[in-house]
Amino acid sequence: TKAQTPDSPLRTPRGHRQGMGSVEEISEAVGHAFWDTQPVPSLNAEEEDACGPINPADPEKVRAEPYNLPPAFEWTDLDLSDAEQAKELYTLLHENYVEDGDAMFRFDYSLDFIRWAMQPPGALDYWHVGVRVSQTKKLVAFIGATPADLLCHGQRVEPRPPPAADKAEEGEGGAGASGVNIEEKLSGLDLDGGATGSAASSGGGAAELGDQAVVEVNFLCVHKKLRSKRLAPVLIREVTRRVNEKGIFQATYTAGVVLPRPVARCRYWHRSLNPKKLIEVGFSRLAPRMTMVRTLKLYALPDQPVTKGVRALKEEDVPSCCAKLNAYLRRYKLTPQLSEAEFSHWLVPRKGVIYTYVVEEAGEDGEKEVTDMFSFYSLPSSVLKHEKHTKLHAAYCYYYFANKTPVQQLISDALVLAKRHEFDVFNALDILDNDSLLKELKFGIGDGHLQYYLYNWRCPTVVAREIGLVLL
């Protein structure tokens, strides 16, 4: 039978519509025709039928000096391995980042989450771009970029051009900027994240850029009292300049508003794990002709996962799981490819941040083998102005691969385990294979959309189920 879900969309607090930054900050840039000056397709442009860069990479044209800030402000690089600087960013985001339009919810990123999100292999402090008040040194704005590798319609998004000294040394094997054969990465072999490896994963400030060819842009945030200073466009230009300096000319990002021009438009869905609390805080409401008792019964979950052999991912699982995830993701039209160092960073469990489980079974030779994997990450929100509840614990569906166990069964087990970890709601976009299972697992459709974008890269529009990329 079809799952019973509310007839009308669940209210998706803006604090749960992740993206590059708040609606106010993105709209500020849009309102000043900022995007018309950038290498992105216009909203009324004809549909693309091919992939490729909009503007060819030209390192010689990259601006050497930082962009000018308004008087009384100065640029700063944030070293997030430093406790004091990380706490500064936490405070800025906690007090000023994405907030619900009715001031009911606001993202509450933990320090561990911020470091996880912003310090993958290859991360550079130079790309943690902050703005301080010159006199007080108070951090009042931020934008960040992290390196990644993307496939778009089966084509690797353009690598950064090799430095002049390296051009003569490139062989005929399709090497990228660092001389690493791209096919090795796409087949799931360990590239050690270029020259970064575990040092970057542990948050060291001296990481070097590896073989990644694009950046993911996130955490655009300006202090509420400074929104009139039009800092957002300057922040975007400056992080673009810094990324270009390192030879990367493409980026990806998401936003809850429509900018020029989306690659895909996705929808949030929400599965109640603690329906009583969600109704009390205003995240959801009782469906017509439903009582609280019937609602609690409707969303009840078993105590244990259905799938046999489910256990937490271990470090020794990384090589095989990385290769299997990369292979699984290549079925989608916009999708990442991970080195083993990147896989370890993003998916090895961290309490309160990322939860990853595998399905292990004995093979024909008696040796145990991992056949499937699923994961979710933690991103709570502060509940504002509520007399009883102060925090909403939300789990977000992350990466998975399903080779033997049906995806619906894996995500059903994820709900059970998220409930065990005391999450209140499980959120998922209708990307990957999610669309086929959301209604059956009693997810309710939200009223929040999320647009995916590519910077300086043209490609045909894709539908949500063709997206394999999950951005934090």
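Me: Two strands count as paired if DSSP finds at least two bridges between them; what makes β2 and strand β14 a pair?

Reply: β2 and β14 (residues 381-383) are joined in the antiparallel sense over three bridges, and the requirement is at least two, so the two strands qualify as a pair. In β14, Val 383 is the bridge partner of Phe 105. Strands here are DSSP runs of E with at least two residues, helices are runs of H or I with at least four, and both are numbered from the N terminus. The model is predicted, so local features need pLDDT of at least 70 and side-chain atom pairs count only at pLDDT 80 or more, whereas totals for chains, interfaces and linings use all residues. Residues are numbered from 1 along each chain as its sequence is written, and side-chain values use heavy atoms, with hydrogens and water left out.

Me: Why are β2 and β15 called edge strands?

Reply: The open sheet has three strands in the order β2-β14-β15, with antiparallel pairing. β2 (105-107) and β15 (391-392) each pair on one side only, and that is what makes them the edge strands.

Me: What leaves one side of β6 and of β11 without a neighbour in the sheet?

Reply: In this open sheet of three strands the order is β6-β5-β11, and the pairing is antiparallel. β6 (155-156) and β11 (334-336) stand at its edges with a single partner strand each, so one side of either strand has no neighbour in the sheet. Strand β5 (residues 150-152) runs antiparallel to β6 and is joined to it by two bridges, with Leu 151 having Arg 156 as its bridge partner in β6.

Me: Why is strand β9 described as largely enclosed by the rest of the structure?

Reply: A residue is buried under 20% relative accessible area, exposed over 50% and partly exposed in between, with a 1.4 Å probe and protein chains only. Seven of the nine residues of β9 (residues 264-272) are buried, so the strand is largely enclosed by the rest of the structure. Cys 266, at 1% relative accessibility, counts as buried.

Me: Which strands does β9 pair with?

Reply: Six bridges join β9 to the antiparallel strand β19 (residues 444-455), where Tyr 452 is the bridge partner of Ala 264. Five bridges join β9 to strand β18 (residues 425-429), again in the antiparallel sense, and there Val 425 is the bridge partner of Ser 272.

Me: How do you know that the buried residues of α10 line one face of the helix?

Reply: The buried residues of α10 are Val 318, Cys 321, Cys 322, Leu 325, Asn 326, Tyr 328 and Leu 329. Seen down the axis of α10, they fall within an arc of 160°, so they line one face of the helix; the arc is that of the directions from the helix axis to the C-beta atoms.

Me: How does the reach of helix α10 stand against the span expected at 1.5 Å a residue?

Reply: The expected span is 1.5 Å times one less than the number of residues. Helix α10 (residues 318-329) has 12 residues and reaches 16 Å from its first C-alpha to its last, close to the 16 Å expected.

Me: How many disulfides does a search of the whole structure find?

Reply: A disulfide is a pair of cysteine sulfur atoms within 2.5 Å, and the search of the whole structure finds zero.
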